[in-house]
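Please open the model in your viewer and keep the selection panel to hand. The tour moves from the whole chain to single side chains, with a short note at each stop.

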Amino acid sequence: MRTAWPVLSFPEAKATYETLHLWTQIVGKIKLTKLPWINHSWHVTQLVTPVGLTTAVMPDRSCYFEIEFDLVHHQLLVKTSTGQIRSFALEAMAVADFYFNLKQLLQELDIELNINLVPNELEDAIPFDQDYIHATYEPEHAEALHQALLRVQDVFTTFRSGFRGKCSPVHFYWGGLDLAVSRFSGRTAPRHPGGVPNLPDWVAQEAYSHEVCSGGFWPGSEGFPLAAFYSYIYPEPEGYKDYPVLPEQAYYDDTLREFILPYEVVQQAENPSATLLAFLQSTYNAAADLAQWDRQALEINFNGA
(Lines give C-alpha, C1' and ligand atoms only; values in the text may rest on other atoms or scores of the structure.)
Protein backbone atom coordinates (compact mmCIF):
# COMPACT_ATOMS: atom_id res chain seq x y z
CA MET A 1 0.00 0.00 0.00
CA ARG A 2 1.13 3.53 -0.72
CA THR A 3 0.43 4.59 2.86
CA ALA A 4 2.36 1.76 4.54
CA TRP A 5 5.71 2.83 5.96
CA PRO A 6 8.35 0.06 5.98
CA VAL A 7 10.12 -1.21 9.06
CA LEU A 8 13.79 -0.14 9.19
CA SER A 9 16.40 -1.72 11.42
CA PHE A 10 19.88 -0.23 11.42
CA PRO A 11 21.47 -3.20 13.26
CA GLU A 12 20.13 -5.61 10.63
CA ALA A 13 20.77 -3.38 7.61
CA LYS A 14 24.02 -1.73 8.76
CA ALA A 15 26.32 -3.52 6.32
CA THR A 16 24.08 -2.81 3.32
CA TYR A 17 23.68 0.84 4.30
CA GLU A 18 27.44 1.29 4.64
CA THR A 19 28.13 -0.24 1.25
CA LEU A 20 25.31 1.66 -0.47
CA HIS A 21 26.53 4.87 1.18
CA LEU A 22 29.94 4.47 -0.42
CA TRP A 23 28.46 3.56 -3.80
CA THR A 24 26.37 6.74 -3.74
CA GLN A 25 29.49 8.72 -2.84
CA ILE A 26 31.25 7.49 -5.97
CA VAL A 27 28.32 8.53 -8.14
CA GLY A 28 27.92 11.80 -6.26
CA LYS A 29 31.56 12.71 -6.82
CA ILE A 30 31.05 12.20 -10.54
CA LYS A 31 28.24 14.75 -10.43
CA LEU A 32 30.49 17.07 -8.45
CA THR A 33 32.99 17.12 -11.33
CA LYS A 34 30.39 17.71 -14.04
CA LEU A 35 28.38 20.70 -12.79
CA PRO A 36 29.21 24.28 -11.80
CA TRP A 37 29.05 25.05 -8.09
CA ILE A 38 25.59 25.91 -6.79
CA ASN A 39 25.08 27.46 -3.37
CA HIS A 40 25.19 25.15 -0.35
CA SER A 41 26.37 22.18 -2.49
CA TRP A 42 22.88 21.74 -3.95
CA HIS A 43 24.36 20.68 -7.29
CA VAL A 44 25.92 17.47 -5.94
CA THR A 45 22.82 15.92 -4.45
CA GLN A 46 20.81 12.99 -5.75
CA LEU A 47 17.04 12.81 -6.17
CA VAL A 48 14.60 10.12 -5.08
CA THR A 49 12.78 8.45 -8.00
CA PRO A 50 9.97 5.87 -8.10
CA VAL A 51 12.63 3.16 -8.36
CA GLY A 52 15.62 4.56 -6.49
CA LEU A 53 18.04 7.48 -6.72
CA THR A 54 19.28 9.49 -9.68
CA THR A 55 21.88 12.14 -10.38
CA ALA A 56 19.52 13.73 -12.95
CA VAL A 57 21.17 15.10 -16.08
CA MET A 58 24.90 15.83 -16.23
CA PRO A 59 26.92 17.18 -19.16
CA ASP A 60 30.02 15.52 -20.62
CA ARG A 61 32.17 16.31 -23.65
CA SER A 62 30.00 14.63 -26.30
CA CYS A 63 26.67 13.91 -24.57
CA TYR A 64 24.44 14.39 -21.55
CA PHE A 65 23.99 11.50 -19.15
CA GLU A 66 22.55 10.39 -15.83
CA ILE A 67 23.39 7.64 -13.38
CA GLU A 68 20.56 5.88 -11.57
CA PHE A 69 20.40 3.42 -8.70
CA ASP A 70 17.40 1.22 -9.44
CA LEU A 71 16.65 -0.24 -6.01
CA VAL A 72 13.55 -2.05 -7.26
CA HIS A 73 15.21 -4.09 -10.01
CA HIS A 74 18.64 -3.78 -8.37
CA GLN A 75 20.55 -2.29 -11.26
CA LEU A 76 23.01 0.56 -11.70
CA LEU A 77 22.19 2.30 -14.97
CA VAL A 78 23.98 4.92 -17.05
CA LYS A 79 21.78 6.58 -19.67
CA THR A 80 22.92 9.06 -22.31
CA SER A 81 21.30 11.66 -24.58
CA THR A 82 22.49 9.60 -27.56
CA GLY A 83 20.17 6.76 -26.53
CA GLN A 84 22.79 4.45 -25.07
CA ILE A 85 22.20 2.56 -21.83
CA ARG A 86 24.72 0.55 -19.85
CA SER A 87 24.04 -1.30 -16.61
CA PHE A 88 25.26 -3.84 -14.12
CA ALA A 89 23.54 -5.69 -11.29
CA LEU A 90 23.51 -4.32 -7.76
CA GLU A 91 24.49 -7.26 -5.62
CA ALA A 92 27.02 -8.19 -2.96
CA MET A 93 30.05 -6.39 -4.35
CA ALA A 94 33.08 -4.62 -2.87
CA VAL A 95 33.18 -0.85 -3.18
CA ALA A 96 36.34 -1.21 -5.27
CA ASP A 97 34.57 -3.56 -7.69
CA PHE A 98 31.63 -1.17 -7.96
CA TYR A 99 34.05 1.65 -8.78
CA PHE A 100 35.86 -0.36 -11.47
CA ASN A 101 32.60 -1.63 -12.99
CA LEU A 102 31.25 1.91 -13.23
CA LYS A 103 34.55 3.17 -14.60
CA GLN A 104 34.38 0.55 -17.35
CA LEU A 105 30.80 1.52 -18.28
CA LEU A 106 31.73 5.17 -18.53
CA GLN A 107 34.77 4.35 -20.66
CA GLU A 108 32.53 2.40 -23.05
CA LEU A 109 30.36 5.51 -23.36
CA ASP A 110 33.39 7.81 -23.75
CA ILE A 111 32.46 9.68 -20.56
CA GLU A 112 35.35 11.16 -18.64
CA LEU A 113 35.87 9.98 -15.04
CA ASN A 114 38.16 11.99 -12.81
CA ILE A 115 37.14 12.01 -9.14
CA ASN A 116 38.81 12.24 -5.75
CA LEU A 117 38.83 8.64 -4.53
CA VAL A 118 38.65 9.42 -0.80
CA PRO A 119 35.13 9.27 0.70
CA ASN A 120 33.79 12.45 2.32
CA GLU A 121 32.42 12.99 5.84
CA LEU A 122 33.73 9.64 7.08
CA GLU A 123 36.54 8.99 9.53
CA ASP A 124 39.21 6.44 8.61
CA ALA A 125 38.04 6.63 5.00
CA ILE A 126 39.34 3.98 2.60
CA PRO A 127 39.89 5.11 -1.02
CA PHE A 128 37.17 3.64 -3.23
CA ASP A 129 39.59 1.71 -5.44
CA GLN A 130 41.11 0.02 -2.37
CA ASP A 131 37.97 -0.79 -0.40
CA TYR A 132 37.31 -4.52 -0.40
CA ILE A 133 35.87 -4.41 3.13
CA HIS A 134 32.44 -2.95 2.43
CA ALA A 135 30.80 -5.50 0.15
CA THR A 136 27.29 -6.22 1.44
CA TYR A 137 24.07 -5.67 -0.48
CA GLU A 138 20.87 -7.24 0.80
CA PRO A 139 18.08 -6.33 -1.65
CA GLU A 140 15.35 -6.29 1.00
CA HIS A 141 17.21 -3.67 3.04
CA ALA A 142 17.79 -1.49 -0.01
CA GLU A 143 14.13 -1.81 -1.01
CA ALA A 144 12.87 -0.88 2.46
CA LEU A 145 15.14 2.17 2.57
CA HIS A 146 13.89 3.29 -0.83
CA GLN A 147 10.26 2.88 0.22
CA ALA A 148 10.96 4.97 3.32
CA LEU A 149 12.65 7.67 1.24
CA LEU A 150 9.61 7.91 -1.03
CA ARG A 151 7.27 8.49 1.91
CA VAL A 152 9.60 10.88 3.68
CA GLN A 153 10.08 12.88 0.49
CA ASP A 154 6.31 13.20 0.16
CA VAL A 155 5.98 14.71 3.65
CA PHE A 156 9.07 16.92 3.27
CA THR A 157 7.65 18.30 0.02
CA THR A 158 4.37 19.14 1.74
CA PHE A 159 6.31 20.89 4.51
CA ARG A 160 8.43 22.77 1.97
CA SER A 161 5.32 24.11 0.24
CA GLY A 162 4.50 26.30 3.23
CA PHE A 163 7.60 28.49 2.85
CA ARG A 164 8.01 31.35 0.39
CA GLY A 165 11.53 32.32 1.44
CA LYS A 166 14.74 30.75 0.20
CA CYS A 167 14.39 27.00 0.59
CA SER A 168 16.35 24.03 -0.70
CA PRO A 169 14.84 21.28 -2.81
CA VAL A 170 14.10 18.03 -1.02
CA HIS A 171 17.22 16.11 -1.93
CA PHE A 172 19.55 13.29 -0.94
CA TYR A 173 23.01 14.12 0.41
CA TRP A 174 25.41 11.28 -0.26
CA GLY A 175 27.94 12.67 2.20
CA GLY A 176 25.74 11.77 5.14
CA LEU A 177 23.28 9.37 3.48
CA ASP A 178 20.42 11.66 4.42
CA LEU A 179 17.36 13.21 2.81
CA ALA A 180 16.90 16.85 3.81
CA VAL A 181 15.12 20.14 3.22
CA SER A 182 16.42 23.50 4.49
CA ARG A 183 14.77 26.88 5.10
CA PHE A 184 16.71 30.14 5.28
CA SER A 185 15.93 33.40 7.08
CA GLY A 186 17.87 35.49 4.55
CA ARG A 187 20.36 36.73 7.14
CA THR A 188 24.04 35.85 7.16
CA ALA A 189 25.37 33.50 9.85
CA PRO A 190 28.59 33.39 11.87
CA ARG A 191 31.47 31.60 10.17
CA HIS A 192 31.05 27.85 10.58
CA PRO A 193 33.98 26.19 12.44
CA GLY A 194 34.28 23.34 9.94
CA GLY A 195 35.93 20.20 11.23
CA VAL A 196 33.81 17.69 9.30
CA PRO A 197 35.93 14.56 8.61
CA ASN A 198 37.37 14.47 5.09
CA LEU A 199 35.55 17.63 4.01
CA PRO A 200 37.28 20.94 3.29
CA ASP A 201 36.28 23.54 5.87
CA TRP A 202 35.31 25.99 3.13
CA VAL A 203 32.55 23.61 1.96
CA ALA A 204 30.90 23.60 5.40
CA GLN A 205 31.42 27.34 5.74
CA GLU A 206 29.71 27.98 2.40
CA ALA A 207 26.90 25.57 3.28
CA TYR A 208 26.23 27.44 6.53
CA SER A 209 26.89 30.96 5.26
CA HIS A 210 23.33 32.02 6.10
CA GLU A 211 20.93 31.26 8.94
CA VAL A 212 19.33 27.91 8.21
CA CYS A 213 16.81 25.54 9.73
CA SER A 214 17.06 22.01 8.33
CA GLY A 215 14.91 18.93 8.70
CA GLY A 216 16.07 15.57 7.54
CA PHE A 217 16.07 11.80 7.73
CA TRP A 218 18.87 9.29 7.87
CA PRO A 219 18.79 5.49 8.28
CA GLY A 220 21.42 5.47 11.02
CA SER A 221 25.20 5.32 11.32
CA GLU A 222 27.91 3.78 13.46
CA GLY A 223 27.82 6.83 15.72
CA PHE A 224 24.02 7.01 15.86
CA PRO A 225 22.69 3.48 15.21
CA LEU A 226 19.03 4.35 14.75
CA ALA A 227 16.90 5.42 11.80
CA ALA A 228 15.64 8.86 12.75
CA PHE A 229 14.42 12.29 11.73
CA TYR A 230 16.35 15.37 12.78
CA SER A 231 15.86 19.11 12.91
CA TYR A 232 18.34 21.86 13.79
CA ILE A 233 19.07 25.55 13.33
CA TYR A 234 22.41 27.24 12.68
CA PRO A 235 23.29 29.31 14.59
CA GLU A 236 21.33 27.94 17.52
CA PRO A 237 19.47 30.59 19.54
CA GLU A 238 19.24 30.66 23.33
CA GLY A 239 16.51 28.41 24.70
CA TYR A 240 16.18 26.30 21.55
CA LYS A 241 16.91 22.96 23.21
CA ASP A 242 14.20 23.53 25.83
CA TYR A 243 11.46 24.58 23.41
CA PRO A 244 8.44 22.21 23.55
CA VAL A 245 8.10 20.22 20.33
CA LEU A 246 5.88 17.46 18.95
CA PRO A 247 5.32 14.56 19.17
CA GLU A 248 6.10 13.73 22.79
CA GLN A 249 8.71 11.14 21.76
CA ALA A 250 10.87 13.83 20.13
CA TYR A 251 13.88 15.01 22.13
CA TYR A 252 16.93 17.25 21.91
CA ASP A 253 20.27 15.45 21.58
CA ASP A 254 23.01 17.45 23.33
CA THR A 255 25.80 15.75 21.39
CA LEU A 256 24.29 16.25 17.94
CA ARG A 257 22.70 19.59 18.91
CA GLU A 258 19.58 18.57 17.05
CA PHE A 259 16.02 17.57 17.80
CA ILE A 260 15.57 13.84 17.10
CA LEU A 261 12.47 11.77 16.38
CA PRO A 262 13.04 8.02 15.97
CA TYR A 263 11.77 6.75 12.63
CA GLU A 264 9.96 3.94 14.46
CA VAL A 265 7.67 6.48 16.13
CA VAL A 266 6.51 7.74 12.74
CA GLN A 267 6.36 4.29 11.17
CA GLN A 268 4.11 2.97 13.93
CA ALA A 269 1.91 6.07 14.26
CA GLU A 270 -1.76 5.93 13.32
CA ASN A 271 -1.06 8.78 10.88
CA PRO A 272 2.67 8.73 10.04
CA SER A 273 2.57 11.75 7.73
CA ALA A 274 0.78 13.94 10.28
CA THR A 275 3.18 12.83 13.02
CA LEU A 276 6.21 13.73 10.92
CA LEU A 277 4.69 17.06 9.85
CA ALA A 278 4.07 17.92 13.51
CA PHE A 279 7.76 17.30 14.24
CA LEU A 280 8.95 19.40 11.31
CA GLN A 281 6.58 22.27 12.05
CA SER A 282 7.11 22.39 15.81
CA THR A 283 10.90 22.28 15.57
CA TYR A 284 10.80 24.95 12.87
CA ASN A 285 8.57 27.05 15.16
CA ALA A 286 11.22 26.74 17.86
CA ALA A 287 13.93 27.89 15.46
CA ALA A 288 12.02 30.72 13.79
CA ASP A 289 10.48 32.14 16.95
CA LEU A 290 13.63 32.12 19.06
CA ALA A 291 15.84 33.42 16.24
CA GLN A 292 13.22 36.08 15.44
CA TRP A 293 12.78 35.25 11.78
CA ASP A 294 10.34 37.42 9.83
CA ARG A 295 7.78 34.65 9.64
CA GLN A 296 5.03 36.77 8.12
CA ALA A 297 7.27 37.56 5.15
CA LEU A 298 8.79 34.08 4.84
CA GLU A 299 5.78 31.81 5.26
CA ILE A 300 2.69 31.19 3.17
CA ASN A 301 -0.56 31.71 5.11
CA PHE A 302 1.32 32.62 8.29
CA ASN A 303 -1.15 32.75 11.18
CA GLY A 304 1.13 33.54 14.07
CA ALA A 305 1.34 29.92 15.23
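This is a predicted model: local features need pLDDT of at least 70, side-chain atom pairs count only at pLDDT 80 or more; totals for chains, interfaces and linings use all residues.

Residues are numbered from 1 along each chain as its sequence is written, and side-chain values use heavy atoms, with hydrogens and water left out.

**The whole chain**

Show the cartoon first: the protein has 7 helices and 12 strands, where helices (H or I, at least four residues) and strands (E, at least two) are DSSP runs numbered from the N terminus. The radius of gyration, taken over C-alpha atoms, is 19 Å, close to the 19 Å that the globule rule (2.2 Å times the number of residues to the power 0.38) gives for 305 residues, so the protein is as compact as a globular protein of that length. Along the principal axes, the C-alpha atoms fill a box of roughly 60 × 40 × 35 Å. Of the 305 residues, 51% are buried, where buried means under 20% relative accessible area, exposed over 50% and partly exposed in between (1.4 Å probe, protein chains only).

**The nonpolar cores**

Next select Phe 69, Val 78, Phe 98, Leu 102, Phe 156, Phe 217 and Phe 229, the residues with the most contacts inside the largest nonpolar core, which has 75 residues. Such a core is a set of buried Ala, Val, Leu, Ile, Met, Phe, Trp, Tyr and Cys residues joined through side-chain atoms within 4.5 Å. A second, separate core of 7 residues includes Ala 180, Trp 218, Ala 228 and Tyr 230. Centre on Val 78 and, leaving aside neighbours within four places in sequence, look for its contacts (heavy atoms within 4.5 Å), among them Phe 65, Ile 67, Ile 85, Leu 102 and Ile 111.

**Salt bridges**

Now colour the charged side chains; the whole structure holds 12 salt bridges, each a side-chain nitrogen of Lys or Arg within 4 Å of a carboxyl oxygen of Asp or Glu. Select Lys 14 and Glu 18, which meet in one of them at 3.0 Å, N to O, and which both lie in helix 1 (residues 10-34), 4 residues apart, about one turn of the helix. Lys 14 also forms a salt bridge with Glu 222, with the closest N and O atoms 3.1 Å apart. Because Lys 14 lies in helix 1 and Glu 222 in the loop between strand 9 (210-218) and strand 10 (228-234), this pair ties together parts that are 208 residues apart in sequence.

Move to Asp 60 and Arg 61, whose closest N and O atoms are 3.7 Å apart in another salt bridge. Asp 60 counts as buried at 15% relative accessibility, whereas Arg 61 counts as exposed at 57%. Through shared partners, salt bridges join Lys 34, Asp 60, Arg 61 and Asp 110 into one network.

**A buried arginine**

Finally select Arg 151, in helix 3 (residues 139-160).
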